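Please read the following briefing alongside the sequence and the coordinates.

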Amino acid sequence: MISHVFCGSLLEKVAHNCLGHSGVPRDSNRMSKDIKKNSVILFKSPAEGENDIFLAELQKSELTVNVVPVLSFQSLHTDVLAQKLSGDARNKYSGIIFTSTRSVVVVDSAIKQLTAYNKKTTCKDLKCFVVGKSTATSAANLGFKPTGENSGHGKKLAEFILKEIEKKSDCKPILFPCSKIRNDDLPTHLKQNGIPVEEITVYETLPNPHLHICIDGVCKALKGQPEYLVFFSPSGVDSALPFITPVWDMSQSKVLALGPSTEKQLKAKSIKISGVSKGPTPVDLVKLIKELS
């Protein structure tokens with residue numbers, strides 16, 4: 001097993017060798033057709049202050065793993081979020097929803113802001129609902145008690161929440177700190193079934209400005225066509241494809257999606273998909289790769 005992670009300061013080291021004078025990868029017009037068996041490229045968000053659990057799980061198998069951080073993030077409306085969380089949050093909300101580790105990070109920043117002004121919050125006592133093991137781990141590390149991590153996607157999490165929260169006319173809303181771009185399934189399904197949702201946009205997703213360097217660096221290190229290309233989000237698909245298609249023939253690799261929304265976006269781009277992970281966890285992804293080997 002060999003693994004490489006191209007991110008952070010490592011990008012600076014490969015930049016000079018990877019780029020031509022135009023800032024475009026020098027090998028961008030040459031495809032690598034030699035399939036490198038058991039090689040996996042993970043196009044995902046960077047881990048937030050923790051080890052990448054997907055990389056760690058794949059390292060247990062005989063795989064060559066490269067992680068390409070396709071996205072970067074910018075926090076939004078932290079002051080507004082802090083105000084919503086201040087005081088006894090249990091009197092305002094019946095629960096809180098996290099669908100990404102990034103939303104947990106912004107809530108952490110809001111809590112620290114309250115602490116700096118000697119203001120208290122009981123938000124960690126709220127019922128906490130999450131999608132995915134990474135998000136559950138981040139929420140637990142912050143002091144929440146997350147549930148629903150195996151739901152897989154928003155609509156399934158909504159169904160889980162409906163079973164956990166009593167539906168009544170005076171039900172307090174669930175707080176949903178979310179991305180500027182997000183799937184409507186979760187809040188829509190809850191609202192249609194009598195559970196009010198108070199949404200607040202707390203971050204926006206941006207393409208990694210060093211993405212071209214990352215992909216070119218992985219291409220040079222791998223010296224061939226990866227057997228598996230794994231996408232974790234629709235925005236990751238949109239960000240990575242312009243830089244992938246010049247260097248690799250995607251029809252020759254097994255393209256995998258982590259979840260139905262990512263699958264939908266790949267299909268919208270006319271990309272042939274070899275498989276979709278049945279769940280959002282690293283174990284689910286490893287199981288899919290083994291099934292396709």
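What follows is a summary of the chain as a whole, followed by points grouped by topic.

This is a predicted model, in which local features need pLDDT of at least 70 and side-chain atom pairs count only at pLDDT 80 or more, while totals for chains, interfaces and linings use all residues. Residues are numbered from 1 along each chain as its sequence is written, and side-chain values use heavy atoms, with hydrogens and water left out. The chain has eleven helices and twelve strands, where helices (H or I, at least four residues) and strands (E, at least two) are DSSP runs numbered from the N terminus.

**Overall make-up**

- Of the 293 residues in the chain, 48% are buried, where buried means under 20% relative accessible area, exposed means over 50% and partly exposed lies in between, with a 1.4 Å probe and protein chains only.
- The chain exposes about 14200 Å², of which carbon and sulfur atoms supply 49%; accessible areas come from the Shrake-Rupley method with a 1.4 Å probe, and for residues only the protein chains shown count as cover.
- Among contacts (heavy atoms within 4.5 Å) between residues at least 6 apart in sequence, 76% join residues at least 24 apart.

**Strand pairing around E10**

- Seven of the seven residues of E10 are buried, so this strand is largely enclosed by the rest of the structure.
- Strand E2 (residues 35–44) is joined to E10 by six bridges and the two run parallel, with leucine 42 standing opposite valine 230 in E10; two strands pair if DSSP finds at least two bridges between them.
- E10 also pairs in the parallel sense with strand E11 (residues 254–257), over four bridges, and the bridge partner of leucine 229 is valine 255 in E11.
- From E10 the chain crosses through helix H9 (residues 234–244) to E11 in a right-handed β-α-β crossover, meaning that, with the strands pointing away from the viewer, the path from the first strand over the helix to the second runs clockwise.

**Strand pairing around E9**

- E4 and E9 pair in the antiparallel sense over five bridges, and glutamine 74 has glutamate 204 in E9 as its bridge partner.
- Strand E8 (residues 174–179) pairs with E9 in the parallel sense over six bridges, and here leucine 175 is partnered by glutamate 198 in E9.

**Nonpolar cores**

- The largest nonpolar core has 25 residues, and those with the most contacts inside it are Leu81, Leu85, Phe98, Val107 and Phe144; such a core is a set of buried Ala, Val, Leu, Ile, Met, Phe, Trp, Tyr and Cys residues joined through side-chain atoms within 4.5 Å.
- Elements giving two or more residues to this core include helix H3 (78–85), strand E5 (95–98), helix H4 (101–116) and strand E9 (197–207), and the largest share, six residues, comes from H4.
- Apart from this core lies another, of 24 residues, among them Val237, Leu241, Ile244 and Met250.
- Leaving aside its neighbours within four places in sequence, phenylalanine 144 is in contact with Ile96, Phe98, Val107, Cys123, Lys124, Cys128 and Ala139.

- Histidine 77, although not a glycine, has a positive phi of about 55°; histidine 77 lies in the loop between strand E4 (71–75) and H3 and is partly exposed, with a relative accessible area of 48%.
- Lysine 223, likewise not a glycine, has a positive phi of about 55°; lysine 223 sits in the loop between helix H8 (211–222) and strand E10 (225–231) and is exposed, with a relative accessible area of 62%.
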